[in-house]
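Good morning, and thank you for coming. I shall present one structure today, beginning with a single residue and ending at the contact of two chains. Please look at the sequence and the model first.

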Amino acid sequence: MDTFFQLFVSGLATGSIYALAAIGFTLLWQASQTINFAQGEFIMLPAFLVLAGTQFLGLSFPVAMAIALVLSLLLLGLGFKRIIIDPLLPHGVLPIVIATIALGILMKESVKQFYTAEAQPFPALFSDRTLNVLGAAISVQDIAVLLIALGAVALLQLFLNRTKIGRCMQATAQNPNVAEILGVPVRRMILYTFLINGTLAFLASILISPIYLAKFSNGETLGLIAFIAAIVGGFNQIRGALAGGLLIGVIDNLSAAYVSASYRSAVPLILLIIIILVRPQGLLGKAEGRTV
Amino acid sequence: MSKHTLATLVAGLAILILLPFTQSNYGVFVLCSWLVYSISAMGLNLTLGYAGQVSLAQASFMGIGAYMTALMTMAGVPWPVAMIAAMVLCFVIGFLLGYPALRVQHHFLAFITLAFNALVVLVLRNEEWLTGGTYGIVGIPRPEVLGLPTQTPLAFYFFVLALFVLMAAALYAIIRSPWGRTFKALRENPIRANSLGVDIRKTTLLAFAIGSSYGGLAGSLLAQLTQFIDPHSFGLTVSLKVLLMVIVGGAGFFFGPILGALLIVLAPEFLRFTEGYYLMIYATLVIVLMVFCPTGLLGLVERARTALKLKQNPNATTWEAGR
C-alpha cells in the first residue's frame, strides 16, 4: 500500500508535467487547428538553453533561466508561428503535420550536433529530501513539481476566464469568424496562444529535466505521451488535457510496477485506442458538432 | 492513356531495365530499396492521396509483412505462398484496424494508426521466442523464381522490378475503375459523394486495407532484400518516412510516391558528405518544401503547367487550363 501511494504521487508529479505539454497542444489546436508534432522537442529545448547560458556564457542560474524563457517565447512562440504555421495554415492540417515532424527532427539533431548527445544533469530546483506521509516516502521534489504545475494551470484558467484578453482568446478558439466580427483582434489572440504554448513548454522543461536529465531525444517520449494525454482527456478542453496528463502519469508509473516493465509503454497506447473507440471526444471533452 | 504518356512509360521502363547494369552492387541495392519503398508509398498514396486518410502505420504493415515472410519461408513454405499470405494478413489487419477508427471520425485514424505502429514495434521487440527480439531475424532466404535463384543483386533487382511493375499496374487499374473514381469524389467533396450514393465508410476502409496490403508486400520484399530484419526497421520514424515520400512527391498523383521515394532514398546518399549535419539539412529541406509547395513536387509541376497553359490561352478558365 505504501509503495502504491508512493508510485501514485510520483505519477501525479510527472503527470502534471505531461499535462502542461498536453494543454499547449489543446490551445494550439483550438486557436488555429494546428497539431504540433514537435511539442516534445519544444519541451526538450528550453533546458538546453538554460544549460548553454550557464556553461558557455557563465551566467548565473536565475539569469540563464530568464534568458531561456525569453528565447523560448521568441523561438517556440513567435518564430514558430511566423515562419512555419502562418505560411502553412491555408493549406490544411497535413502539411503542418509534416513540417512540424521535420521541425522536431531539426531541433533534436541541432541539439545533438551543436551541444551534446550525452544526457546532461540539470540543477534540481528543489531539495531531494523525502517526507514521511502515511508511512510512504514522498519526495519534496514531486510535491513541488505537482504544486507548480497545478498552480500554472490554475493561473491559466483564471487568465482565460477572468480577463478580457483571456475571453477574447476563448471567443477566437470557439469561432474565429464571429470573434472577428465582434471586434476581437483574432490574429493577435492566436499569437498569444503560441506565446502561452512557449511558456508552458519552458515550464515543463525546467520541471522535468532535473528528473529525466536533459537529453536531445527526450522529445520523442514526451511528445507522444502529451499527445496521448490530450486525446484521452479531450482534445478541446483544458480541464481534459489536465486530467489526461495526470491519468497517463499515474497509469504509466503504476503499470511499470504492477503490469510488466517491457509492456509498460503499451498501457497508455491501449488506453488511447480504447478511448478513441468508446469516447472519441475524450474523457472530459465535448463532442464537436462539425461532421466534415 | 495518350501516346505521349505511353512513350514516356516505355522509356521509363527501359531506363529501369538498363540502369542497374551501370551500377555497382551497392548501387543496385539502393535502386532495389527505392522500388520496395515505392510499393509501400504507392499503397499509402491510395489511403492518403486518394481516400484522404492520414495513416501513420505503413511501417507496421511492412513489419508484419516482413516477419510473416521471414518466418514462413524459413519454415520451408514456398515464397509465393508466404508473400501472398503476408499481403492477405495485412489486408485483414488493415480492415480490422480501420473499421472502428473510421466509425469514429476521420482524423482519428491518424491517432489510432500511430498507437498501432508503436504497439507492433513493442510486440516485435518483446516476443523474443517468435521474432528474436531486438536481435531480429538473420539469414532470410531470397526466392527462386521459375527455377532461377535470385542470390545476385542483379537477379533480385529484376524480381523486385517485375513485382513493382505488376503492383503499379494493379494500382492504376484500381484508380481508373469506377470504384477507384469514387475515392477521388470522396476526397474532393465527401458530402456530395455521399449524396450521390457513395458508401463513404466502405470505400475508405477498402482503400486503407488495400494500401496496407501494399505495405505488407513491400515489407516482404524488404526482408528478402536485406536478409535481416529487426523491430527498429519498422518504427514510427519509418512510417513517417513513407508518409513523407507520398507528400514530397505529391499525394494524389499516381507517380508522386515513386518520385518521393526516389528522393527520400537517394537524399542520404547525396548528403552523405555532410555527415552529422545530414538530418538537419534534410529536415530543413522538408520544411522549406512544405512552406513553398505543400502539394509536393508533382503539384509544383502541375501548377507550372496550368500557368503555362493560361499564358498561351488567356481566355481559358483555370479549370480548363488545369485539364
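Is Lys108(A) buried or exposed? Lys108(A) is buried, with a relative accessible area of 13%; buried means under 20% relative accessible area, exposed means over 50%, and partly exposed lies in between, taken with a 1.4 Å probe on protein chains only.

Before I continue, some conventions. This is a predicted model, in which local features need pLDDT of at least 70 and side-chain atom pairs count only at pLDDT 80 or more, while totals for chains, interfaces and linings use all residues. Residues are numbered from 1 along each chain as its sequence is written, chains are lettered from A and ligands numbered from 1 in the order in which they are written, and side-chain values use heavy atoms, leaving out hydrogens and water.

Let us turn to the salt bridges. A salt bridge is a side-chain nitrogen of Lys or Arg within 4 Å of a carboxyl oxygen of Asp or Glu. Over all chains, the search finds three of them.

Lys108(A) forms one with Glu220(A), at 3.0 Å from N to O. Because Lys108(A) lies in helix α4 (residues 93-114) of chain A and Glu220(A) in helix α9 (residues 218-233) of chain A, the pair ties together parts that are 112 residues apart in sequence. Helices here are DSSP runs of H or I with at least four residues, strands are runs of E with at least two, and both are numbered from the N terminus. Glu220(A) is partly exposed, at 47% relative accessible area.

Another salt bridge joins Asp252(A) and Arg264(A) at 3.3 Å, N to O. This pair links helix α10 (residues 238-258) of chain A, which holds Asp252(A), to the loop between α10 and α11 (266-278) of chain A, which holds Arg264(A), twelve residues apart. Asp252(A) is buried at 10%, whereas Arg264(A) is partly exposed at 31%.

In the pair of Lys81(A) and Asp86(A), the N to O distance is 3.3 Å. Lys81(A) counts as buried at 4% relative accessibility, and Asp86(A) as partly exposed at 25%.

Now to chain B. Leu35(B) sits in helix α2 (residues 25-50) of chain B and has a relative accessible area of 0%, so it is buried. Apart from neighbours within four places in sequence, Leu35(B) is in contact (heavy atoms within 4.5 Å) with Tyr157(B), Val160(B), Leu161(B) and Phe164(B). Leu35(B) and Val160(B) are 125 residues apart in sequence, yet their C-alpha atoms are 7.1 Å apart in space.

Finally, how many residues does each chain bring to the contact? Chain B gives 37 residues and chain A gives 36 residues. The buried area, meaning the accessible area (1.4 Å probe) that two parts lose on being put together, summed over both, is about 3300 Å², and carbon and sulfur atoms give 84% of it. Phe111(B), Met280(B) and Ile287(B) supply 17% of the area that chain B buries against chain A, more than any other three residues. Across this interface the rule finds zero salt bridges.

On the side of chain B that touches chain A, the elements giving two or more residues include α5 (108-126) and α13 (278-292) of chain B. α5(B) gives the most, with ten residues. That side divides into 30 nonpolar, five polar and two charged residues; Ala, Val, Leu, Ile, Met, Phe, Trp, Tyr, Cys and Pro count as nonpolar, Asp, Glu, Lys and Arg as charged, and the others, Gly among them, as polar.
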